[in-house]
Structures are given as structure tokens and as C-alpha cells.
Amino acid sequence: MSQQLQGHTARKRFGQNFLVSPGVIHKIIDAVAPLAGDTVVEIGPGLGALTGPFLERIDHLHVVEIDRDLIARLRQQFPPERLTIHAGDALAFDFGALKEAGPLKIVGNLPYNISSPMLFHLAKYANQVSEMHFMLQKEVVDRMVAAPGSGDFGRLSVMLQYCYFMERLFIVPPGSFNPAPKVDSAVVRMIPRKVGAGETALDEELFARLVMAAFSQRRKMLRNTLKDFGGEALLEAQGIAPTARAETLAVSDYVNLANVLAGRADKK
Ligand code: SAM
């Protein structure tokens, strides 16, 4: 057992790879730059690698942790007036209930096995958040920030870029963790967009379904994948070549297509 794990056996099912590089830890804290009075929430504090340094900068922190052994350790390590522990699954956690004095700053070295569902869950709270910083697999971050036309551009890119401005800040190698993961990680900054009227999907559920259909078979032409939404006629009416593929459209194209459909009685 490694010394840095402090007697805790890392649980694979909870995606436990603990940060052990002081340099990386401080880079993350500096990137988040929490200020006194911020309402900060950390997802998956684990053994407290980020939690402790955060509490050197701010008086209070919320954390959401699922592992009971780690929760017990955190309770011993930090007094309740400084650390509020929300025991349970972050995927089911109501982040809206934490909106105290101001918008939330959410951070976390996220368990990789739940990263996509976690990002989709958090998107529901985008209007209550000022910024988020997450460590994720580098490959996932590359898909989040990908530009149209790139092979990484997909449903995750469109849905998250609709909600956030995103920036890949730095890459973190496997040796910064214990146990070391097999792949590189990266830290991403996500800032909710204040969408102007023209860029807002009138029916966000329809927008999500359209994007999902477009990328369901990314090698196929949109006139086929979007057949149920009006296919060729819909695309041509918007000046989009029916032979185009999903990865070539911009986020605003998907919003426009969804808004045309939202205005129609025969929408899917
Ligand atoms: N923040 C610590 C660090 O950087 O060393 C731990 C990061 S570790 C990659 C992920 C953490 O998330 C673990 O503490 C794990 O128990 C916790 N976790 C896993 N699944 C979770 C879930 N569904 N809800 C809340 N926490 C979860």
C-alpha cells in the first residue's frame, strides 16, 4: 500500500485516482483562484488532495462524496463549520439547492467512469454557476473543446458548447496520480454562456434530440440521419448542403435547425 493513499484502498468502481503531485494540485488551485465569499463545491474530494489547499484560501467548502470510508475520514480531518459534506451520488445531487449568496464555483478531479453523465447533469444548473474546473481524461476534454470539422467534434462538443465557453488549461500525466491511470488527463475551464436571444434553442429538448440524431451515425449524410426531422428540405431551407455530415455544422447551425422545427406544427 502506498504511503500517499494513507491506508485507503483505491476503489475502481468509484474511479479513484488520487492526486499526489503538489505541483499539479497548486496549478489547479491557482486556476480556480477561489475568493473569500465564493460558494465553492468540490465533487469527489477523496482523500482531500484539493480540499485542504482550497480551505487554506477560503473559509468554507461544500463537497459531494459517495465513498463512506472517505466521508468518515473527511469528517475527522475537517470541522463541519469549514467543510459541509454531502454524502451521496453527485449524479443525483441537487446543485441548485446550494445557491446561497451567489453563483456556484464547481470543481473536481472527476471519476472518469461517470464524466459524461456528470457533465450532462451539471448542464441543468448552468444558470446558477459562475464557472467550473474539472480534471478529466484528456481525450474527453479534447472532444468537449473540439471545433466543427475536427474528428473530435461530436454530440458532447455541441451540447456543452451550447451551454459553456470552454478552455483546455493544461495536461496532467498519469504519474501525478496514485494509482496512475493509463491515459493522460487534462484540466478544463467551463464558463456558462449568457446566450443572446438568437442563439437560444426555443425548445432545448428538441435541440438535444436533433443533435443526438445527427451524430447517431456520424459517417452518414445529414439528409439521412435527420430524415425524421425533415431531412433534405429542412437542410436546404437553411442553406446547408444535404450531403453535409454532422461534424461540419457549427453549434449555431444546430440551434437554427431546431428553432425552425420548433416553429413548425409538424415538429418531430
Ligand atoms: N479529489 C480527489 C483527488 O484529486 O485526489 C479524488 C479524486 S478521484 C478521481 C474521484 C473521487 O470521486 C473519489 O473520491 C470517489 O470516491 C468520488 N466519487 C466517485 N463516484 C462518485 C459519485 N457518483 N458521486 C460523488 N463522488 C464520487
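## Basis of the description

Helices in this report are DSSP runs of H or I with at least four residues, strands are DSSP runs of E with at least two, and both are numbered from the N terminus. By this scheme, Met 221 belongs to the loop that joins helix H7 (204–214) to helix H8 (222–225). The structure is a predicted model.

## Ligand site

The ligand is surrounded by 22 residues, and the closest among them are Leu 19, Gly 44, Glu 65, Asp 89 and Asn 109.

Gln 16 places a polar side-chain atom 2.9 Å from a ligand oxygen. For Asn 109, a polar side-chain atom and an oxygen atom of the ligand are 2.8 Å apart. Gly 44 takes part through its backbone: one of its polar backbone atoms lies 2.8 Å from a nitrogen atom of the ligand. On its own, the ligand has 590 Å² of accessible area, of which the protein covers 98%. Strand S1 (18–19) and strand S3 (61–65) are the elements that contribute two or more residues to the shell.

## Nonpolar core

The largest nonpolar core comprises 59 residues. Those that touch the most other members are Phe 95, Ile 106, Phe 134, Met 144, Met 190, Phe 207 and Tyr 254. Helix H10 (residues 251–262) is the greatest contributor to this core, supplying 7 residues.

Met 132 is located in strand S6 (residues 129–137). Its relative accessibility is 0%, so Met 132 counts as buried.

## Buried positions in helices

Ser 157 lies in helix H6 (residues 155–163). Is Ser 157 buried or exposed? With a relative accessibility of 0%, Ser 157 is classed as buried. The side chain of Ser 157 reaches the backbone oxygen of Arg 143 at a distance of 2.6 Å.

Leu 70 is part of helix H3 (residues 68–77). At 1% relative accessibility, Leu 70 is likewise buried. Leu 70 and Asp 184 are 114 residues apart along the chain, and their C-alpha atoms are separated by 25 Å.

Thr 9 occurs in the segment before S1. Its relative accessibility is 52%, and Thr 9 therefore counts as exposed, because the cut-off for that class is over 50%. Thr 9 and Asp 69 stand 60 residues apart in sequence, with 9.9 Å between their C-alpha atoms.

Met 221, in the loop between helices H7 and H8, has a relative accessibility of 24% and counts as partly exposed. The C-alpha to C-alpha distance from Met 221 to Ala 244 is 5.6 Å, for a separation of 23 residues in sequence.

## Backbone geometry

Most residues other than glycine have a negative phi, and most peptide bonds are trans. Several positions in this model depart from that pattern.

Gln 6 is not a glycine, yet its phi is positive at about 50°. Gln 6 is found in the segment before S1, and its relative accessible area of 44% makes this residue partly exposed. Ala 33 also has a positive phi, near 45°. The position of Ala 33 is in the loop between helix H1 (22–32) and strand S2 (39–43). Ala 33 is partly exposed, at 32% relative accessibility.

The peptide bond between Asn 178 and Pro 179 is cis, with omega at about -10°. Which loop holds Pro 179? Pro 179 is situated in the loop between strand S8 (177–178) and strand S9 (185–192).

How values were computed. Residues are numbered from 1 along each chain as its sequence is written. This is a predicted model: local features need pLDDT of at least 70, side-chain atom pairs count only at pLDDT 80 or more; totals for chains, interfaces and linings use all residues. Side-chain values use heavy atoms; hydrogens and water are left out. A residue is near a molecule or strand if one of its heavy atoms lies within 4 Å of it. A polar contact is a pair of N or O atoms within 3.5 Å; within protein, one must be able to donate a hydrogen and the other to accept it, and residues adjacent in sequence count only if both atoms are side-chain atoms. Accessible areas come from the Shrake-Rupley method with a 1.4 Å probe; for residues, only the protein chains shown count as cover. A nonpolar core is a set of buried Ala, Val, Leu, Ile, Met, Phe, Trp, Tyr and Cys residues joined through side-chain atoms within 4.5 Å. Buried means under 20% relative accessible area, exposed over 50%, partly exposed in between (1.4 Å probe, protein chains only).
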